Amino acid sequence: MSDAMINVLYFAWMREHTGTTSEQIPLPDGAKTVGDLMPLLMARSAGHALALKNMAAVRVAVNRSYGDLKTAVAAGDEIAFFPPVTGG
């Protein structure tokens, strides 16, 4: 692990599973994309694993811009995970 930090945000039912709205974690050495972060995030707790296991039901934003598992990440970034927004 490096000293570089990222801020991870969780919204809606993802917040309920993870037990937190946000957490600041070290950016793993060699992590270049959101997908590279997934094993680390899922290993944080059973709730994290549950919240992140079906990425087809999860949206990602990096620094408030929509992305996906291939989106690049760097120290200081904000990575947000949230369910798709629906309206009526």
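Modeller: A strand is here a DSSP run of E residues, at least two long, numbered from the N terminus. The model is a predicted one, and in it strand S2, residues 22-26, has a covered face made of Glu23 and Ile25, whereas Ser22, Gln24 and Pro26 make up its uncovered face. In a regular strand the side chains alternate between the two faces of the sheet. Strand S2 pairs with S1 in the antiparallel sense over 5 bridges, and leucine 9 stands opposite serine 22 of S2.

Turning to the aromatic rings, a search of the whole structure finds 3 aromatic pairs. One of them is formed by tyrosine 10 and phenylalanine 81, which are stacked at 6.1 Å centre to centre with 15 degrees between the planes. This pair links distant parts of the chain, since tyrosine 10 belongs to strand S1 (residues 5-10) and phenylalanine 81 to strand S5 (residues 78-82), 71 residues apart. Both tyrosine 10 and phenylalanine 81 are buried.

Phenylalanine 11 and phenylalanine 82 have ring centres 6.5 Å apart and planes at 80 degrees, so this pair is edge-to-face. It too joins distant parts of the chain, with phenylalanine 11 in the loop between S1 and helix H1 (13-18) and phenylalanine 82 in strand S5, 71 residues apart. Phenylalanine 11 counts as partly exposed because its relative accessibility is 37%, while phenylalanine 82, at 12% relative accessibility, counts as buried. Phe11 and Phe82 also form one aromatic cluster together with Tyr66.

Methods:
Residues are numbered from 1 along each chain as its sequence is written. This is a predicted model: local features need pLDDT of at least 70, side-chain atom pairs count only at pLDDT 80 or more; totals for chains, interfaces and linings use all residues. Side-chain values use heavy atoms; hydrogens and water are left out. Rings of Phe, Tyr and Trp (its six-membered ring) pair if their centres lie within 6.5 Å; planes under 30 degrees apart count as stacked, over 60 as edge-to-face and the rest as tilted. Helices (H or I, at least four residues) and strands (E, at least two) are DSSP runs, numbered from the N terminus. Buried means under 20% relative accessible area, exposed over 50%, partly exposed in between (1.4 Å probe, protein chains only). Two strands pair if DSSP finds at least two bridges between them.
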